[in-house]
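Hello,

Here is the structure I promised to pass on. My notes follow below it.

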Amino acid sequence: MKAIRAGFAAALFALAACSSEAQNVAEIAEASGPLEAETVADGLAHPWGLAFLPDGAMLVTERNGGVVRVSAAGEKTLVSGGPEGVLRQGQSGLLDVALDPRFAENGLVYISFMQAGRDANRLALYRARYEQGALVDGRVIFRASPRGGAVHPGGRMAFLPDETLLLFVGVPDPLRDNAQDLSNHLGKVLRIDREGRPPADNPFVARAGAAPEIYSYGHRNAMGLARDGATGAIWLHENGPRGGDELNRLEAGANYGWPIVTYGREYSGGVITEERSRPGMVDPVTQWTPSIAPSGMAVYRGDAFAAWEGDLLIGFLAGEQVRRVRVGEGGVRQETLLAGEGRRIRDVRLGPDGFVYLLTDAEDGALLRVRSAR
Ligand SMILES: [Ca+2]
């Protein structure tokens with residue numbers, strides 16, 4: 001196994017504090033010490049999502065490939081029976097993967113992807129049964145409306161304790177006003193059941209003209225969604241346009257403001273809005289300007305890194321690093337992990353062994369396991 005040793009760069013925190021990057025984000029006082037990111041498997045084509053099977057193996061979705069089973073020893077096997085008609089363009093392709101909370105009984109696996117075709121270019125959710133290394137009886141159980149495009153596909157998923165599923169749907173910038181329009185799915189977090197239907201207690205079920213699947217709205221492009229099993233908090237981070245990347249704590253029915261309020265600007269540098277906050281819209285817990293392109297997120301609960309208990313671990317595509325973010329009464333604090341690895345991080349997951357697993361975003365992407373180097 002390749003092992004790359006990465007020290008902890010306190011200087012980076014000082015840099016961050018000096019720039020305008022991290023408003024109200026201070027450094028975590030106790031550094032984590034040197035970490036090691038060992039390669040479990042490589043040769044993955046832009047891997048995007050990761051789920052842990054009960055037998056110790058993992059399912060990995062490749063944005064530009066298929067569904068791959070990776071054994072605990074790193075052996076890769078292609079899983080047949082995945083979704084067909086996948087739009088593979090830009091940020092789109094196969095996206096996230098999640099196991100049903102009752103996977104041990106029903107074997108159900110959920111895969112989000114962008115559908116191709118004249119009536120497609122929309123986020124879809126595929127459900128199949130995992131049997132002896134293959135996906136069987138697969139079908140699309142949900143399609144987002146209206147059509148979006150190949151950018152900001154969304155796709156991140158998280159199950160709630162009531163066995164409903166949160167699914168993020170992104171909104172491309174030319175269509176961004178849809179994020180405030182409750183009649184459609186763009187720029188929303190949706191909550192659906194295992195058949196793809198809206199539960200009766202969703203926040204806008206009774207509102208005329210509103211899409212009943214909506215859980216929260218006013219989002220742009222999120223690639224990290226995680227629930228803390230200990231506190232019940234649901235965390236979503238978002239990519240702003242130029243600046244204004246956000247960390248949000250999700251509440252049912254809430255409006256997160258895009259594009260009415262934002263710390264970001266147009267990619268051209270032009271003004272989207274001067275408004276950063278507005279009554280009735282939820283402010284981010286923190287925001288990062290300039291952008292660091294967060295992707296993937298896990299809440300750390302485990303024994304391998306006792307000091308990280310309850311912290312958020314967030315991958316960065318642009319920052320080539322993982323950040324440990326602590327949200328507490330004293331505000332938001334952060335520590336940069338694995339800086340200087342020179343790789344884009346697509347997903348961050350907590351393994352059943354208490355170690356942290358990463359997917360790197362590359363044509364020859366890797367599945368990494370993070371351990372203490374001591
Ligand atoms: Ca916002």
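The radius of gyration is taken over C-alpha atoms, and the globule rule is 2.2 Å times the number of residues to the power 0.38. For 374 residues, that rule puts a compact globule near 21 Å; the protein chain has 19 Å, which agrees. This is a predicted model: local features need pLDDT of at least 70, side-chain atom pairs count only at pLDDT 80 or more, and totals for chains, interfaces and linings use all residues. Residues are numbered from 1 along each chain as its sequence is written.

Overall picture. The C-alpha atoms fill a box of roughly 55 × 55 × 35 Å along the principal axes. The chain has 2 helices and 26 strands (DSSP runs, numbered from the N terminus: helices are H or I, at least four residues; strands are E, at least two). Buried residues make up 48% of the 374 (buried: 20 or more other C-beta atoms within 10 Å of the residue's own, with C-beta atoms placed from the backbone).

The core. The largest nonpolar core has 92 residues (buried Ala, Val, Leu, Ile, Met, Phe, Trp, Tyr and Cys joined through C-beta atoms within 7 Å). Strand β10 (residues 122-131) gives the largest share, 6 residues. Leu358 and Leu367 have the most contacts inside this core.

Four strands form an open antiparallel sheet, in the order β12-β13-β14-β15 (pairing needs at least two DSSP bridges between two strands). β12 (154-159) and β15 (214-217) are at the edges with a single partner strand each, so one side of each lacks a neighbour in the sheet. β13 (residues 165-169) and β14 (residues 188-192) pair over 5 bridges.

Best wishes

Notes
A residue is buried if 20 or more other C-beta atoms lie within 10 Å of its own, exposed if 12 or fewer, and partly exposed in between; C-beta atoms are placed from the backbone.
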